[in-house]
Amino acid sequence: MSIRMPRTTTSKHLISIIIPIYNTEIFLRSCLDSVLNQTYQNWECILVNDGSSDGSYAICEAYASRDSRFKLFSQQNKGLSAARNAGITLLSEKSDFLLFIDSDDTISSCLLETIATTSAFYPDDILAWAMCAEESEMETVIIKDHQHFIVYEKPSLIDFFFTWN
């Protein structure tokens, strides 16, 4: 087994987050707070309001005016995939990583730091986390050349990545 060394200092990597939003006012503050409270600070968050008719847009405006890393884009309702695709077109040219978060979900405060750190050891790989809940077990998986390599088993660093709806 070979030992991998990190490729660079991880704090230099810009992680871009895209959050498509459609009528999730009740969950949205928790979602955005989980992004705002990251231990890793080099991120941008593209909020794509997909024609919400509740108070979601106003919440997004408040976060965008409070922190310049939040960027707000609004469009007529076109659906989740179109909202994600719209977000992709708005990515910074300096973006190193892309993360999608649903607007009714939250992420662990150390998720972005874990992504940056893990990617430093596996620079050419796709990082994917198994779905988990508070009490469940989870493992980080590195996907390369259609083979799966388990990197960490039950890491204490990551307690939440995303949930499936």
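Analyst: Two strands count as paired if DSSP finds at least two bridges between them. In this predicted model, the bridge partner of I17 in strand β2 is C45.

User: What makes β1 and β2 a pair of strands?

Analyst: Strand β2 covers residues 43-50, and seven bridges link β1 to β2 in the parallel sense. The cut-off is at least two bridges, so seven bridges are enough to call β1 and β2 paired.

User: Why is β1 described as largely enclosed by the rest of the structure?

Analyst: Strand β1 runs over residues 14-21, and eight of its eight residues are buried, so the strand is largely enclosed by the rest of the structure. The cover is found on both faces, with L14, S16, I18 and P20 buried on one side and I15, I17, I19 and I21 buried on the other.

User: What makes β2 a mostly covered strand?

Analyst: In β2, eight of the eight residues are buried. From this strand W43, C45, L47 and N49 point one way, while E44, I46, V48 and D50 point the other way, and all of them are buried.

User: Why is the unit made by β1, α1 and β2 called right-handed?

Analyst: The name describes the path seen with the strands pointing away from the viewer: if the way from the first strand over the helix to the second runs clockwise, the crossover is right-handed. The unit of β1, helix α1 (residues 25-36) and β2 is right-handed, so its path runs clockwise in that view.

User: What follows β2, and how is the next crossover described?

Analyst: β2 and β3 pair in the parallel sense over six bridges, with L72 of β3 as the bridge partner of L47. The chain crosses from β2 through α2 to β3, and this β-α-β crossover is again right-handed.

User: How do you know that the buried residues of α2 lie on the same side of the helix?

Analyst: Helix α2 spans residues 56-66, and S56, I59, C60 and Y63 are buried in it. They cover an arc of only 100° around the axis, which puts them on the same side of α2. As a general point, an α-helix has 3.6 residues a turn, so residues three or four places apart point the same way. The elements that cover these buried residues of α2 include β1, α1, β2 and β3 (70-75).

User: Why does T24 count as buried?

Analyst: The relative accessibility of T24 is 11%, and since buried means under 20%, T24 falls in the buried class. T24 is found in the loop between β1 and α1, where, leaving aside neighbours within four places in sequence, it is in contact with D54, S56, S103 and D104.

User: Is R69 buried or exposed, and what makes it so?

Analyst: R69, in the loop between α2 and β3, has 18% relative accessibility, which is under 20%, so R69 counts as buried. Not counting residues up to four places away in sequence, R69 touches L36, Q41, W43, E44 and C45.

User: What makes the approach of R69 to the side chain of D67 a polar contact?

Analyst: A polar contact requires a pair of N or O atoms within 3.5 Å, and the side chain of R69 makes such a contact with the side chain of D67 at 2.8 Å, a distance within that cut-off. The side chain of R69 also reaches the backbone oxygen of Q41 at 2.9 Å.

User: How confident is the predictor over the protein chain?

Analyst: The average pLDDT is 78, and 67% of the residues score at least 70. Over residues 132-165, however, the pLDDT is below 50, although this stretch has 78 contacts in the model beyond near neighbours in sequence. Residues 1-6 also stay under 50, with eight contacts beyond four places in sequence.

Note on methods: Residues numbered from 1 in each chain as written. Predicted model: local features only at pLDDT ≥ 70, side-chain atom pairs only at ≥ 80, totals over all residues. Heavy atoms only, no water. Buried < 20%, exposed > 50% of the residue type's maximum accessible area, 1.4 Å probe, protein only. Helix = DSSP H or I, 4+ residues; strand = E, 2+ residues; numbered from the N terminus. Contact = heavy atoms within 4.5 Å. pLDDT = per-residue confidence, 0-100. Arc of directions from axis to C-beta. Polar contact = N/O pair within 3.5 Å; in protein donor to acceptor, adjacent residues only side chain to side chain.
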